[in-house]
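Thanks, everyone. Please take a moment with the sequence and the model on the screen, and then I'll walk you through a few sites.

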Amino acid sequence: MTAINDVTDLTVDGDIGVLTVDSPPVNALSANVRDGLATGIAAAIADPAVRAIVLVCAGRTFIAGADISEFGKPPRGAAFPEVQAAFENSPKPIVAAIHGTALGGGLEMALVCHYRVAVASAKFGLPEVKLGLLPGAGGTQRLPRLVGAKAALDMVATGKHIGAKAAAAAGLIDAIVDDLQGGAIEFAHRILAESLPLTRVRDKPVLGVEDGMFDAYRAANAKAFRGFEAPAANIACIEAATTLPFDEGIAFERKRFVELMSGLQSKAQRYVFFAERQANKVDGLDPDAPLLPVGSVGIIGAGTMGGGIAMNFLNAGVPVTIVETRQDALDRGVATIRRNYDNTAAKGRITAADVDARMGLLTPTLDLDTLSAADLIVEAVFENMDIKKEVFGKLDRIAKPHAILASNTSYLNVDEIAAATSRPESVIGLHFFSPANVMRLLEVVRGAKTGGQVLATAMATAKTIGKVAVVSGVCDGFIGNRMLGQRQQQANQLIVEGALPADVDRVLFDFGFPMGPFQMADLAGLDIGWSAETSKGATIRDRLCEAGLRGQKNGHGFYDYDAQRNRTPSPVAEKIILDYAAERGVNRRQIDDAEILERCLYPMVNEGAKILEEKMAQRASDIDIVWVNGYGWPVYRGGPMFWADSVGLRTIADKLAHYGIEPASLLTRLANDDKGFTGAV
Ligand code: 3HC
Ligand code: NAI
């Protein structure tokens with residue numbers, strides 16, 4: 001074996017040169033790896049004993065892409081296109097041996113090899129679009145030459161991965177092998193024995209081009225791509241591959257890549273990529289400390305949240321016992337879970353056997369004592385402190401020692417809940433978002449006495465069930481709802497002062513949210529927390545409920561809904577708003593879109609600053625991860641704190657003061673020092 005550099009070596013096995021990249025964690029194409037590939041391939045070509053070459057990676061995966069942490073920094077090391085040219089033009093055949101994930105630049109590397117083999121578990125994709133980019137190393141020009149225009153279009157525009165079987169069927173790989181390196185060497189011998197050609201993907205034609213396919217694709221995906229710049233650029237590149245000669249296509253791709261790379265959207269999306277991984281790291285916790293076991297889960301309450309929470313664990317193969325107080329509520333909850341699974345199966349995303357397996361892991365019961373066997377118990381009963389204290393008091397007697405006792409409360413004080421037990425160190429908040437089986441965010445609420453091992457286990461468990469976990473301290477509404485409260489307060493004031501609900505909703509929708517606050521209120525139900533007996537018409541929402549407007553559930557709210565749920569602003573709601581304002585002597589005025597946006601979002605940023613000051617969030621980027629994953633903040637704007645940095649904190653502090661809101665001291669300090677929250681803009 002010859003060491004090429006500290007991440008690459010070359011071994012000669014008979015007449016096959018095996019070039020191995022070993023750059024943990026994911027063999028990303030850092031300067032070092034590119035240097036190793038350039039020097040290694042030259043050495044293999046120069047070695048007269050070598051007749052064919054295998055490119056393989058050590059560790060958990062083939063090359064997972066360009067090294068994203070190098071983006072935006074001055075170039076170092078061998079240029080990637082030159083490395084690729086050396087492979088593609090090699091006079092000796094090269095076989096890429098793929099395991100794990102061949103993603104982005106990793107797949108683009110495999111595409112300049114003459115053949116590709118993979119183990120059955122390997123995955124392939126060009127996920128650059130998720131980073132606000134496009135495959136900038138020939139991926140958009142080579143992929144359609146192997147798999148056809150249609151399949152390539154979908155892969156680059158959505159960033160979806162495909163498995164080895166699909167890749168083989170599509171022509172992306174030449175064989176599936178059992179033993180990665182052995183199979184690749186065998187394949188190389190076959191190339192030599194059968195004198196197979198040195199196939200360069202670039203020389204192949206693009207197949208499967210149909211008239212109008214690109215416009216049809218754009219139209220079909222307009223909703224999913226709304227606001228994003230990268231999907232359109234990816235589509236344009238595949239289209240270019242069908243009309244331009246290869247080298248011109250590469251130039252076209254390069255130009256679009258550079259444009260995206262220098263834009264704010266990609267910067268935001270790359271920031272979110274790292275922020276998400278950072279969020280999982282908890283200050284002061286030893287990442288290698290042993291975790292508590294989570295082999296079985298108990299859930300209390302089979303309502304909206306309890307059912308969704310249960311599904312997360314069932315999906316991950318963890319047995320769940322779900323407890324209710326009444327048989328009808330239990331039956332309803334279980335039926336909802338089954339219906340959700342049946343719907344997923346009907347869409348072909350899971351099999352009927354999966355549904356049975358998951359339902360088979362669920363034990364419904366009315367007997368709380370059954371939870372004595374559970375490692376983790378999640379309480380999802382009504383949002384009422386007395387009820388929660390009673391439940392936790394009982395759990396304290398029932399649960400086994402070291403079981404984790406979690407509450408899904410949205411607002412209540414986790415320390416007070418913990419105090420209802422004799423083991424507050426075992427108590428934690430696990431705040432799931434609705435629908436809990438779909439939303440990726442999990443706020444992990446660290447109480448004053450929550451134990452380190454309990455917290456670490458909660459973070460690891462979140463990962464197991466596919467959630468993005470963010471640690472929050474104990475405060476009203478934690479990170480997300482606390483900030484949402486500021487936005488809602490401003491939205492409510494804006495409609496009294498002169499805006500209409502549809503104006504506020506439109507501005508926030510255009511900013512990139514999936515819907516505005518009044519649409520959201522209609523969707524959730526205007527009568528949540530409202531009671532006819534105690535209602536005194538103190539708020540617009542009270543008055544809407546008093547007038548029988550309940551939101552989407554009865555077809556009337558801030559909007560009227562038809563049978564297809566199309567909405568039009570409600571004249572009844574508008575009159576209620578105007579009367580309410582008139583009673584208060586408000587002289588309604590024209591409010592422009594800029595003011596709506598600033599007043600809805602700047603106070604949220606201000607609250608985020610307070611959350612940071614109070615150390616309720618570990619870092620500004622955690623706040624951004626909460627908003628991107630829990631509240632539909634457009635990922636291409638990075639989250640409220642990143643966005644605030646891009647606007648400029650001076651502007652935000654001044655505008656807050658202009659609107660009569662005192663800027664948080666952290667915000668003022670950073671603005672005065674000309675700094676940002678994230679250091680990423
Ligand atoms: N560059 C730099 N670091 C990367 C990286 C990359 N492409 N991919 C992953 N990492 C780092 C992560 O930040 C993480 O670091 P940490 O341990 O310090 O937090 C570590 O590798 C492990 O990553 P994950 O925690 O995500 O590990 P998983 O096993 O869950 O997932 C993965 C592995 C599927 C490879 C996932 O990391 C992933 O999807 N990576 C990004 C792949 C990608 O987007 N590639 C395209 C890059 S852009 C490109 O190639 C441009 C080209 O066209 C020119
Ligand atoms: P829900 O009303 O749909 O369900 C609560 C269920 O708990 C009911 O089925 C009820 O019968 C059951 N229950 C009440 N007391 C019980 C007891 N002592 N033992 C067993 N079961 C009992 O309420 P939802 O919406 O599921 O909320 C549950 C919790 O989740 C609340 O704390 C809420 O704040 C929180 N939450 C709600 C979100 C939402 O969007 N609905 C989002 C995030 C958190």
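Let's start at helix α12, which gives the most to the shell around ligand 1, with three residues. Helices here are DSSP runs of H or I with at least four residues, strands are runs of E with at least two, and both are numbered from the N terminus.

Some ground rules. This is a predicted model, where local features need pLDDT of at least 70 and side-chain atom pairs count only at pLDDT 80 or more, while totals for chains, interfaces and linings use all residues. Residues are numbered from 1 along each chain as its sequence is written, chains are lettered from A and ligands numbered from 1 in the order in which they are written, and side-chain values use heavy atoms, with hydrogens and water left out.

Back to ligand 1. How many residues surround ligand 1? The number is 24, and the closest are Arg-60, Ala-66, Glu-108, Glu-128 and Arg-277. A residue counts as near if one of its heavy atoms lies within 4 Å of the molecule or strand.

Now the polar contacts. These are pairs of N or O atoms within 3.5 Å; within protein, one must be able to donate a hydrogen and the other to accept it, and residues adjacent in sequence count only if both atoms are side-chain atoms. Arg-60 puts a polar side-chain atom 2.7 Å from an oxygen atom of ligand 1. Ala-66 uses its backbone: an N or O atom there lies 2.7 Å from a nitrogen atom of ligand 1. A polar backbone atom of Ala-64 is 3.0 Å from a nitrogen atom of ligand 1. On its own, ligand 1 has 990 Å² of accessible area, and the protein covers 74% of that. Those areas come from the Shrake-Rupley method with a 1.4 Å probe; for residues, only the protein chains shown count as cover.

By class, this shell has 13 nonpolar, five polar and six charged residues. Ala, Val, Leu, Ile, Met, Phe, Trp, Tyr, Cys and Pro count as nonpolar, Asp, Glu, Lys and Arg as charged, and the others, Gly among them, as polar.

Next, ligand 2. Here 20 residues form the surroundings, with Met-305, Glu-324, Glu-383, Lys-388 and Ser-410 the closest. Glu-324 has a polar side-chain atom 2.5 Å from an oxygen atom of the ligand. For the side chain of Glu-383, an N or O atom is 2.5 Å from a ligand 2 oxygen. Asn-408 brings a polar side-chain atom to 2.9 Å from an oxygen atom of ligand 2. Two or more residues of the shell come from each of α13 (304-315), α16 (385-398) and β16 (427-432).

Now strand β3, residues 16-21. Is β3 enclosed or open? Six of its six residues are buried, so β3 is largely enclosed by the rest of the structure. Buried means under 20% relative accessible area, exposed over 50%, partly exposed in between, with a 1.4 Å probe and protein chains only. Ile-16, Val-18 and Thr-20 point one way, and Gly-17, Leu-19 and Val-21 the other.

What about its partners? Strand β2 (residues 8-13) runs antiparallel to β3, joined by six bridges. Strands pair if DSSP finds at least two bridges between them. β3 also has six bridges to β4 (residues 52-57), and that pair is parallel.
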